[in-house]
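User: I would like to go through this structure with you, piece by piece. Could you take my questions as they come?

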Amino acid sequence: AAHYRILVEGVLDERWSDRMAGLFIERDKTKGDKPRTILTGKIREQAELNGVLESLYGLHLPIVRLEKVEREEISPL
């Protein structure tokens, strides 16, 4: 198990959290030309991470950044 932060280009509503392994979903508040979404939280195994990535791919949300973070870093950007 590890904690991850995934930044995607586009908007993903918080209601998708259950389909994204229970990750916390929020809009990226930094300035930029395109809207972005941040998913953070604990992923139990590689298969679960793969499922999240496949779901994002299926929704046509390009992944900008994927990072493994320490639990203390989980707070929103």
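User: Which strands does helix H1 lie across, and at about what angle does H1 run to S1?

Analyst: Helix H1, residues 46-58, lies across S1, S3 and S4 and runs at about 10 degrees to S1. Helices (H or I, at least four residues) and strands (E, at least two) are DSSP runs numbered from the N terminus. Axes are lines fitted to C-alpha atoms, for helices over the stretch in contact, and angles run from 0 to 180 degrees between N-to-C directions. Contact means heavy atoms within 4.5 Å.

User: What should I know about the model itself?

Analyst: It is a predicted model, in which local features need pLDDT of at least 70 and side-chain atom pairs count only at pLDDT 80 or more, while totals for chains, interfaces and linings use all residues. Residues are numbered from 1 along each chain as its sequence is written, and side-chain values use heavy atoms, with hydrogens and water left out.

User: What is the strand order in the sheet?

Analyst: The sheet is open, with 4 strands in the order S2-S3-S1-S4 and antiparallel pairing. Two strands pair if DSSP finds at least two bridges between them.

User: Which strands stand at the edges?

Analyst: Strand S2 (24-27) and strand S4 (63-69) do; each has a single partner strand, so one side of each is left without a neighbour in the sheet. From one strand to the next, the twist averages 15 degrees.

User: How many bridges join S1 to S3?

Analyst: There are 8 bridges between S1 (residues 2-9) and S3 (residues 36-43), and these strands run antiparallel. Within S3, Ile38 is the residue that stands opposite Leu7.

User: Turning to charges, how many salt bridges are there?

Analyst: The count comes to 6, a salt bridge being a side-chain nitrogen of Lys or Arg within 4 Å of a carboxyl oxygen of Asp or Glu. One of them joins Arg5 and Glu67, with the closest N and O atoms 3.1 Å apart. Arg5 lies in strand S1 and Glu67 in strand S4, so this pair ties together parts that are 62 residues apart in sequence.

User: Is Arg5 buried or exposed?

Analyst: Arg5 is buried, at 8% relative accessible area, whereas Glu67 is partly exposed at 24%. Buried means under 20% relative accessible area, exposed over 50%, and partly exposed in between (1.4 Å probe, protein chains only).

User: Which residues are linked with Arg5 in a network of salt bridges?

Analyst: Arg65 and Glu67 are linked with Arg5 in that network. Glu67 meets Arg65 at 3.3 Å, N to O, and Arg65 is partly exposed at 36%.

User: How far apart are the closest N and O atoms of Glu48 and Arg44?

Analyst: They are 2.6 Å apart, in a salt bridge. Glu48 is buried, at 15%, while Arg44 is exposed, at 54%.

User: What does Met20 touch?

Analyst: Not counting residues up to four places away in sequence, Met20 touches Leu12, Ile25, Leu39, Val52, Ser55, Leu56 and Leu59.

User: And where is Ser17?

Analyst: Ser17 is in the loop between S1 and S2 and is buried, at 18%. A polar atom of the Ser17 side chain lies 2.7 Å from the backbone oxygen of Leu23.

How values were computed
Polar contact = N/O pair within 3.5 Å; in protein donor to acceptor, adjacent residues only side chain to side chain.
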